[in-house]
Amino acid sequence: MTTTPVALRAWRNRLTLADHGIQLRLGPDTRWYPYLQDDDGDWWPAAPADPDPVTALTSVWQQTER
């Protein structure tokens, strides 16, 4: 993924990596839902939810690295 520190902002049920346009949202089913931010600033679902936040982050991070 990366070897440099990444700024992570936590707010309510969301973890946001603003510099990368990635957000994880904790759902009521206790699974993490990954979102990507588009050019207009809107957030869109980007990958399947997962109970492990690292797995959810990895699945969406790979999409941004292409």
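Helices (H or I, at least four residues) and strands (E, at least two) are DSSP runs, numbered from the N terminus. Arg25 also lies over the face of Tyr35, at 3.9 Å from the ring centre. A charge counts as sitting over a ring if NZ of Lys or CZ of Arg is within 6 Å of the ring centre and within 35 degrees of the ring normal.

Before we go on, a word on the ground rules. Residues are numbered from 1 along each chain as its sequence is written, and side-chain values use heavy atoms, with hydrogens and water left out. Because the model is predicted, local features need pLDDT of at least 70 and side-chain atom pairs count only at pLDDT 80 or more, while totals for chains, interfaces and linings use all residues.

**How the strands pair**

Two strands pair if DSSP finds at least two bridges between them.

| Strands | Bridges | Facing residues |
|---|---|---|
| Strand 2 (residues 14-17) and strand 3 | four | Leu15 and Leu24 |
| Strand 3 and strand 4 (residues 32-37) | five | Leu26 and Trp32 |
| Strand 4 and strand 5 (residues 43-45) | three | Leu36 and Trp44 |

Now look at the turns. The hairpin of strand 2 and strand 3 has four residues between the strands, and Gly21 takes a positive phi near 65°. Strand 3 and strand 4 form a hairpin with five residues between them, where Thr30 in the turn has a positive phi of about 60°. In the hairpin of strand 4 and strand 5, five residues lie between the strands, and Gly41 has a positive phi near 95°.

Why is strand 3 largely enclosed by the rest of the structure? Four of its five residues are buried, so the rest of the structure largely encloses strand 3. Buried means under 20% relative accessible area, exposed over 50%, and partly exposed in between (1.4 Å probe, protein chains only).

A nonpolar core is a set of buried Ala, Val, Leu, Ile, Met, Phe, Trp, Tyr and Cys residues joined through side-chain atoms within 4.5 Å. The largest one has nine residues, among them Ile22, Leu24, Trp32 and Trp61. Strand 3 (22-26) and helix 1 (53-64) are the elements that give two or more residues to this core. Helix 1 gives the most, with four residues. In soluble globular proteins, nonpolar side chains tend to be buried together.
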